[in-house]
Amino acid sequence: MATDAIPVRTRLIPAMVRGFVGRCPHCGQGRIFGRFLKVRPDCEACGLELHHHRADDLPPYAVIFIVGHIVGYLILETETRYDVPLWVEMGVWPVVTLLFALALLQPVKGAVVGLQYALGMQGFATLPRGRPVSGLKETRLAAAGAAAGIRDPDQP
Ligand SMILES: [Zn+2]
């Protein structure tokens, strides 16, 4: 009796959350970043090839969008509610913006990789085979589906 389960793609939101916390969108166990913004070629736990990702400019664009809205709101609130000297604001807000942007860049890039994986974009159309990760709900569901004769339509 065959014991290897057919891998099933993780759904969009869980895949993006896994990427946001720096974990593989497929198994949630292996790390996806080798360095600050350098994505590993593949997952050390499940073997998912991560080098396919094409995050490109989307992560910095999303970070600018998020940080701009939050810091802009905070500047507006500070200006309208408190009497803060201009030199203090000129010193504080650029530093807050820089730190916030650096803190969000890696998680947002991970989420973008998770998004591309979940949508099967670029080379993420194929999932790792032969290295099922034990304990994954999706893998167990796939095994149950295979036993019932149901196959993943994305897989050949
Ligand atoms: Zn993995």
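**Close-up views of the predicted model**

**View A. Gln122 is exposed, with 12 other C-beta atoms within 10 Å.** The model is predicted, so local features need pLDDT of at least 70 and side-chain atom pairs count only at pLDDT 80 or more, while totals for chains, interfaces and linings use all residues. Residue numbers start from 1 along each chain as its sequence is written. Gln122 lies in the loop between H3 and helix H4 (137-147). Its phi is near 50°, a positive value in a residue other than glycine.

**View B. The protein chain contains four helices and zero strands.** Helices (H or I, at least four residues) and strands (E, at least two) are DSSP runs, numbered from the N terminus. Along the sequence the pattern is α-α-α-α. Of the 156 residues in the protein chain, 28% are buried. Contacts are pairs with C-beta atoms, placed from the backbone, within 7 Å. Among contacts in the protein chain with a separation of 6 or more, 65% join residues 24 or more positions apart.

**View C. Arg54 sits in the loop between helix H1 (12-20) and H2.** Arg54 counts as exposed because it has 12 C-beta neighbours inside 10 Å. Beyond residues up to four places away in sequence, Arg54 touches Gln116 and Gln122. Arg54 and Val112 are 58 residues apart in sequence, yet their C-alpha atoms are 8.9 Å apart in space. The loop between H1 and H2 also holds Asp56. Asp56 has a phi near 50°, which is positive although the residue is not glycine. With 10 other C-beta atoms within 10 Å, Asp56 is exposed.

**View D. Gly22 is a partly exposed residue, with 15 other C-beta atoms within 10 Å.** Gly22 belongs to the loop between H1 and H2. Leaving aside residues up to four places away in sequence, Gly22 touches Arg31, Ile32, Phe33, Gln106 and Gly110. Gly114 is 92 residues from Gly22 along the chain, and their C-alpha atoms are separated by 9.7 Å.

**View E. H1 and H3 have axes that come within 6 Å and cross at roughly 150°.** Axes are lines fitted to C-alpha atoms, for helices over the stretch in contact, and angles run from 0 to 180 degrees between N-to-C directions. On the H1 side, the meeting residues are Leu12, Ala15, Met16, Arg18, Gly19 and Phe20. Their partners in H3 are Pro107, Gly110, Ala111, Val113, Gly114, Leu115, Tyr117 and Ala118.

**View F. H2 (residues 58-81) has 24 residues and spans 34 Å from its first C-alpha to its last.** That reach is close to the 34 Å expected at 1.5 Å a residue, where the expected span is 1.5 Å times one less than the number of residues. In H2, Pro59, Val63 and Val67 are buried. Helix H3 (86-118) is included in what covers the buried residues of H2.

**View G. The axes of H2 and H3 cross at roughly 145° and come within 8 Å.** H2 makes the contact through Leu58, Pro59, Pro60, Ala62, Val63, Ile66, Val67, Val71, Ile75 and Thr78. H3 contributes Glu89, Trp93, Val96, Thr97, Phe100, Ala101, Leu104, Leu105, Val108, Lys109 and Val112.

**View H. The largest nonpolar core has 21 residues.** Such a core is a set of buried Ala, Val, Leu, Ile, Met, Phe, Trp, Tyr and Cys residues joined through C-beta atoms within 7 Å. Cys24, Cys43 and Leu48 have the most contacts inside this core. H1, H2 and H3 are the elements that give two or more residues to it. H3 provides the largest share, eight residues. Not counting residues up to four places away in sequence, Cys43 touches Cys24, His26, Cys27, Gly30, Leu48 and Leu50.

**View I. The protein chain has a mean pLDDT of 85, with 78% of its residues at 70 or more.** The pLDDT is the predictor's confidence in each residue, from 0 to 100. Over residues 139-145 the pLDDT is below 50. This stretch has 13 contacts in the model beyond near neighbours in sequence. Where pLDDT is low, the predicted coordinates should not be read in detail.

How values were computed: A residue is buried if 20 or more other C-beta atoms lie within 10 Å of its own, exposed if 12 or fewer, and partly exposed in between; C-beta atoms are placed from the backbone. Two residues are in contact if their C-beta atoms, placed from the backbone, lie within 7 Å.
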